[in-house]
Amino acid sequence: MTLRELPKLELHLHIEGAAPPAFIRGLAQEKSVDLSKIFKEDGSYDFRDFVHFLSVYEAATSVLKSPEDYARLVRANLEESAAHGVIYTEMFISPDFCGGSDVEAWRDYLHAMQEAAAEAEAKDGIVMRGIVTCIRHFGPEKAKASALCAAETAGDWITGFGIGGDEGKGALGDFAWSFDLAREAGLRLTAHAGEWGGPASVRQALDDIGVERIGHGVRAIEDLALVERLAEDGVVLEVCPGSNVVLGLYPKWDRHPIQALRERGVKVTVSTDDPPFFHTTMTREYEELARAFGWGTADFLEISRNALDAAFCDADTKARLADRLKDHPE
Ligand code: MCF
Ligand code: ZN
């Protein structure tokens, strides 16, 4: 079995960030919006650094304006993921971008996305779940509106609540009201931390908003007492190595701390984050990890099991996915 064919589970994928540039360019053309400044000549997304990436992301998202646009996006993303062996994907979805956090509009967007996901599951066998995500640099008030949307639609399909965006802005504790509401609605919790913020940011995620998974979290490696805590408490990291390398957190793949974290007993998983932005796919992540750290099938199987255990879906779905992982050769 090739690395591309290995069954994979992805826990950290931003819905608009997975949009192929040609898809966004096509929508821009249909809607007569000039987005030329966010693309390079070769057609890929153009950004200088993390903060610029966030603004290019938002510009690309500006052409997604209706439930049908998001349904098309879900179809395109799931087709691409399935082609790389992904059998399960959790996508971050923001009510800020899907109806401006109006609950009734949000329901229409969700309905369209869920229908598209069901079609993709029937066609390619890929299972999708949604994690409602608030955006840190939009501030705590907007996050509350997102959390209300999340709480209203929590269930088998919307299974989690999280936060992404500029880690340099505000403190995670400012968002505690939203995370409390989401938790009370039965949602599972994750937060981007330990990417642009150091170990203290990971501690905030655990202590101030009580998440069970951390998006990125890789800078925990700078504090070995924290690494020990993550290992002991079984906190799972949604590691996105290709994203970290392209955004300049680490100069090259073999300097990435994923292997060191693993060796110290931390449960890691592997995701692409915003794949076309970072010129990656799940296959490419696996190929680079195999090259940089000598990972083989047994290592990738361990990663998939970590992801399955940490997935925010129900037990029946997990059992079905576990069956499909059994085809995975040791
Ligand atoms: O993980 C990467 C980099 N770190 C932080 N945030 C994001 C990443 N990709 C997208 N995001 C944020 C961004 O603010 O998530 C939001 C974007 O607007 C979308 S969530 C559906
Ligand atoms: Zn992310």
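Modeller: What follows covers the ligand site, then the chain as a whole. This is a predicted model, where local features need pLDDT of at least 70, side-chain atom pairs count only at pLDDT 80 or more, and totals for chains, interfaces and linings use all residues. Residues are numbered from 1 along each chain as written, chains are lettered from A and ligands numbered from 1 in written order, and side-chain values use heavy atoms, without hydrogens and water.

Biologist: How many residues surround ligand 1?

Modeller: 19. The closest are Gly165, Glu195, His216, Asp273 and Asp274. Near means a heavy atom within 4 Å.

Biologist: Which side chains have an N or O atom by a ligand 1 oxygen?

Modeller: Among them, Asp273 at 2.8 Å and His192 at 3.1 Å. A polar side-chain atom of His216 lies 2.9 Å from a ligand 1 oxygen. A polar contact here is a pair of N or O atoms within 3.5 Å.

Biologist: How much of ligand 1 does the protein bury?

Modeller: 100% of the 480 Å² that ligand 1 exposes when taken alone. Areas are Shrake-Rupley with a 1.4 Å probe.

Biologist: Which element gives the most to the shell?

Modeller: Helix 2, with four residues. Strand 1 (8–14), helix 2 (50–61) and strand 2 (86–93) each supply at least two.

Biologist: Switching to the fold. How many helices and strands are in the chain?

Modeller: 13 helices and eight strands. These are DSSP runs: helices are H or I with at least four residues, strands are E with at least two, numbered from the N terminus.

Biologist: What is the span of the C-alpha trace?

Modeller: About 50 × 45 × 45 Å along the principal axes of the chain.

Notes. A polar contact is a pair of N or O atoms within 3.5 Å; within protein, one must be able to donate a hydrogen and the other to accept it, and residues adjacent in sequence count only if both atoms are side-chain atoms.
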